[in-house]
Amino acid sequence: MLLFLLGVLVLHLIILVLLIVSTAASAWSVGGDSTTDLWYSCMTTNGGYHCKPASNEDWIQAVQALMILSLLFCFFSLIAFVFQLFKLVKGGRFFFTAVFQILASVFVMCAAIIYTVMSPDDGSGVQFGYAYVLAWVAFPLCLISGLIYIVLRKKE
C-alpha cells in the first residue's frame, strides 16, 4: 500500500511539473523565426530576440486564466492529499483531493481546446509547440489521477 501511495504521489508531482512547464514555456506555437506562448509573442530578427506581450483578446486571457486555475487546483489537491493522508479515518476515501484533481484536468482541457480552436492560422507554417503538447499530456494524466483518488481508500 505504501508503494502505491508513493506512486500516486509521484504521478501527482509529474502532473504538477507538466502543468508548470506548459504554462510557463514559450512554445505553444512555433514556426520559422517566431514563438508564441500564453504571455509573449517573440521573433528573431537581425540576430536579436524581440518579444511583445500576448494579445489582449478574450480567448488568450481565458486560456491564461484556465491554465493558472489548473495549476492552483492541482497544487491544492496535492496539499489536500497530504493532509488527508494523515487526518483521514481508516477506510475513508480521498474525495476532496479527487474533486480538485478532476477540476484541474477539466481546466487544462478547456484551455487546450480554446487555444486549438482560436489560435490564428495565417498559413505561415506555424505549428503547435511542445508546451501545447505538454498541456494535452497533462490532461489525461490529471483525469486518471483524479479517478485513482476516488477509488483509493486509506488503510492503516
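Is Cys110 buried, exposed or partly exposed? Partly exposed, because its relative accessible area is 28%. Hold on to that residue; we will come back to the cysteines. One thing before we go on: this is a predicted model.

Let me start with the overall picture. The chain has 156 residues, and 40% of them count as buried. Its secondary structure comes to four helices and five strands. Going along the sequence, the order is α-β-β-β-β-α-α-β-α. The C-alpha atoms fill a box of roughly 65 × 30 × 20 Å along the principal axes. Now the contacts. Take those between residues at least 6 apart in sequence: 72% of them join residues at least 24 apart.

On to the helices. Two packed helices are described by the angle between their axes and the distance between the axes.

Pair one is H1 with H2. Their axes are 9 Å apart, and the packing angle is about 160 degrees. Angles over 145 degrees count as roughly antiparallel, so H1 and H2 are roughly antiparallel to each other. The crossing of H1 and H2 is left-handed. Who meets whom? From H1, the contact includes Leu5, Leu9, His12 and Leu16. From H2, the residues include Met67, Cys74, Phe81 and Leu85. By class, the contact of H1 with H2 has 14 nonpolar residues, five polar ones and no charged ones.

Pair two is H1 with H4. H1 covers residues 2-24, and H4 covers residues 130-151. The axes of H1 and H4 come within 9 Å and cross at roughly 150 degrees. H1 and H4 are therefore roughly antiparallel too. Their crossing is left-handed. On the H1 side, the contact residues include Phe4, Val8, Leu11 and His12. On the H4 side, they include Tyr130, Leu134, Cys142 and Ser145. The class count for H1 with H4 is 17 nonpolar, three polar and no charged residues.

Look at His12 for a moment. His12 of H1 meets H2, and His12 is also in the H1 contact with H4. Ile15, Leu19 and Ser22 are on the list for H2, and they are on the list for H4 as well.

H2 runs over residues 58-87, H3 over residues 95-118. Their axes come within 8 Å and cross at roughly 160 degrees. That makes H2 roughly antiparallel to H3. The crossing of H2 and H3 is left-handed. Here the contact divides into 23 nonpolar, five polar and no charged residues.

Now back to the cysteines. How many disulfides are there? The count comes to one. Cys42 is joined to Cys51, with a sulfur-to-sulfur distance of 2.0 Å. The torsion about that S-S bond is about 110 degrees, so the disulfide is right-handed. What about the surroundings of its two ends? Cys42 counts as buried, because its relative accessibility is 5%. Cys51 is partly exposed, because its relative accessible area is 44%.

A disulfide needs the two sulfurs within 2.5 Å. Cys74 is buried, with a relative accessible area of 0%.

Cys110 is the one I opened with. For Cys110 the closest cysteine sulfur is again in Cys142, at 12 Å. That is too far for a bond.

Two more residues, and I am done. Ser105 sits in helix H3. Ser105 is buried, with a relative accessible area of 0%. What does Ser105 contact, leaving aside its neighbours within four places in sequence? Phe139, Cys142 and Leu143. Cys142 is also on the H4 side of the contact with H1.

Last, Lys87. Lys87 is found in helix H2. At 60% relative accessibility, Lys87 counts as exposed. From Lys87 to Ser145 there are 58 residues in sequence and 20 Å in space, C-alpha to C-alpha. Ser145 is one of the H4 residues in the contact with H1.

Notes:
Residues numbered from 1 in each chain as written. Predicted model: local features only at pLDDT ≥ 70, side-chain atom pairs only at ≥ 80, totals over all residues. Heavy atoms only, no water. Axes fitted to C-alpha atoms, helices over the stretch in contact; angles between N-to-C directions. Parallel < 35°, antiparallel > 145°, perpendicular 65-115°, else oblique. Left-handed = near helix turned anticlockwise from the far one by under 90°. Contact = heavy atoms within 4.5 Å. Nonpolar A, V, L, I, M, F, W, Y, C, P; charged D, E, K, R; others polar. Buried < 20%, exposed > 50% of the residue type's maximum accessible area, 1.4 Å probe, protein only.
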